Structure formats: C-alpha cells, structure tokens
Amino acid sequence: MQEEQSNKNRICKKCLLRDMQEGEYFKNMYEYIAGLDPQIKTPDSLYEERLNLCKSCDKLVNGMCRVCGCFVEMRAAVAKNACPAVEKRW
Ligand code: SF4
C-alpha cells in the first residue's frame, strides 16, 4: 500500500506526457501552465477569451486542436501564440 502510494508520486524525467497515467498527464499540463513565467503568460481574461473561442470551434476535439495538434489550454497560455487556423480565431 505504501509502495503503491509512493509509485503514484514518482516523477519520471524520461517519460513523455503520453506515457503517463491520464491524471498525471493533466496534472503536469496544469502545473506547466501555472508555472509559466508571468512575462510570457497570457493574462487570465485573455486566456479565458481564447478558450471560449476554441470551445466554439469545430476543430476542437478532446481538448486538442485538430489544426496544430496542440492542447489548446497550453497553446493559449502563452501570450505570443496565436490560433493556427488560416482564418485565425484569436
Ligand atoms: S483552430 Fe484555433 S480556435 Fe479552433 S481549436 Fe484550434 S486554436 Fe482553437
């Protein structure tokens, strides 16, 4: 039981996100977003605006943009990034 618990908390520095358990996968993504340098991070209100545009876009599938293959929550979190569609939505 204790060993099982410690395995859940282990960090694998050589794993890709896709190799991790789904819970860890998303936890890592949100930790990455939360840890972004404020100098490059999208302000909260603009971030929500971007995500709302993605939510109404037919290219969004399971949180991923079908144009670029990115998780939109990560792409939108960096201020300099833009929607990759030919007709940009943000
Ligand atoms: S095409 Fe643009 S708006 Fe649509 S899901 Fe991708 S990033 Fe979001």
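The model is predicted. The protein chain has 90 residues, with 4 helices and 2 strands. Its mean pLDDT is 85.

**Fold**

- From the N terminus on, the elements run α-α-α-β-β-α.
- Of the residues in the protein chain, 9% count as buried.
- Take the contacts with a separation of 6 or more: 48% of them join residues 24 or more positions apart.

**Confidence**

- A pLDDT of 70 or more is reached by 79% of the residues.
- Helix H3 has the highest mean pLDDT among the elements, at 95.
- Helix H1, residues 2-8, has the lowest, at 49.
- Over residues 1-6, pLDDT stays under 50. The model has 0 contacts beyond four places in sequence for this stretch.
- Where pLDDT is low, the predicted coordinates should not be read in detail.

**Pro-38**

- Pro-38 lies in the loop between helix H2 (22-34) and helix H3 (44-55).
- Pro-38 counts as exposed because it has 7 C-beta neighbours inside 10 Å, and the cut-off for exposed is 12 or fewer.
- Val-78 is 40 residues from Pro-38 in sequence. In space, the two are 9.5 Å apart, C-alpha to C-alpha.

**Asn-62**

- Asn-62 sits in the loop between strand S1 (60-61) and strand S2 (64-65).
- Its phi is positive, about 50°, although Asn-62 is not a glycine.
- Asn-62 has 6 C-beta neighbours inside 10 Å, so it counts as exposed.

**Glu-73**

- Glu-73 belongs to helix H4, residues 72-75.
- With 18 other C-beta atoms within 10 Å, Glu-73 is partly exposed. The reason is that a buried residue needs 20 or more, and an exposed one has 12 or fewer.
- Beyond its neighbours within four places in sequence, Glu-73 is in contact with Met-29, Ile-33, Leu-51 and Gly-63.
- One of these, Gly-63, is 10 residues away from Glu-73 in sequence. The C-alpha to C-alpha distance between Glu-73 and Gly-63 is 7.5 Å.

Methods:
Residues numbered from 1 in each chain as written. Predicted model: local features only at pLDDT ≥ 70, side-chain atom pairs only at ≥ 80, totals over all residues. pLDDT = per-residue confidence, 0-100. Contact = placed C-beta atoms within 7 Å.
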